[in-house]
Amino acid sequence: MIAMKGQGMTPRQIRIAIDNKYREFLEDATPTPYPPA
Amino acid sequence: MSTDLEEVGMLTRRRMLRVCALGTLSLALSGCARLGESLGQTGDFSARFERFEVADEPNGDLARVDWPDFVQRAGPEVRRFYEFQIENGQLMRYMPCFCGCSRDGHRNNRDCYVKQVNADGSVVLDSMAPT
């Protein structure tokens, strides 16, 4: 997270990256909404 | 990727919990530069989650944390994960966990680490991630 903040990634960009990394497991994801755009 | 899926299929539930909870945060901590660079080519799954409400995740005070044995035994990297979770509730309340812990009532990735933040900043930690 520290590194991503340093890269200027927003919370939403981070969330998109994580969801794509674990996209095979989206059915098991917690009910966690996305950060505001 | 099929190798990863086969490996996941052989994991016990507890090991799966650790892999996913720690894996997600590791990804976050490591910066995932390549993922960041390729965001334009990846999907946005926000619609899938838009019906859910965001949890209130206040930050804790690290100076008031009484570190439990399960964190001490797990080593400095795991402790750093806990520290990050304690100090970044406003971000981590938007980050999911994929291990199936939603069936245990977890609402986000932070719930695998932090059970409760008290009014004085002290916290009750969850042992799910490292055990």
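Is B:Arg93 buried or exposed? B:Arg93 is buried, because 21 other C-beta atoms lie within 10 Å. A residue counts as buried if 20 or more other C-beta atoms, placed from the backbone, lie within 10 Å of its own.

This is a predicted model, in which local features need pLDDT of at least 70, side-chain atom pairs count only at pLDDT 80 or more, and totals for chains, interfaces and linings use all residues. Residues are numbered from 1 along each chain as its sequence is written, and chains are lettered from A and ligands numbered from 1 in the order in which they are written.

B:Arg93 sits in the loop of chain B that runs between helix H7 (89-92) and strand E1 (114-117). Helices (H or I, at least four residues) and strands (E, at least two) are DSSP runs, numbered from the N terminus. In sequence, B:Arg93 and B:Ala55 are 38 residues apart, yet their C-alpha atoms are 6.1 Å apart in space.

The table gives contacts (C-beta atoms, placed from the backbone, within 7 Å), leaving out residues up to four places away in sequence.

| Residue | Touches |
|---|---|
| B:Arg93 | B:Val54, B:Ala55, B:Glu57, B:Asn108, B:Arg110 |
| B:Tyr113 | B:Phe81, B:Tyr82, B:Gln85, B:Leu125, B:Asp126, B:Ala129 |

B:Tyr113 is also among the residues with the most contacts inside the largest nonpolar core, which has 17 residues. Such a core is a set of buried Ala, Val, Leu, Ile, Met, Phe, Trp, Tyr and Cys residues joined through C-beta atoms within 7 Å. Helix H6 (76-87), E1 and strand E2 (123-125) of chain B each supply at least two of its residues.

Key. Buried ≥ 20, exposed ≤ 12 C-beta atoms within 10 Å, placed from the backbone. Contact = placed C-beta atoms within 7 Å.
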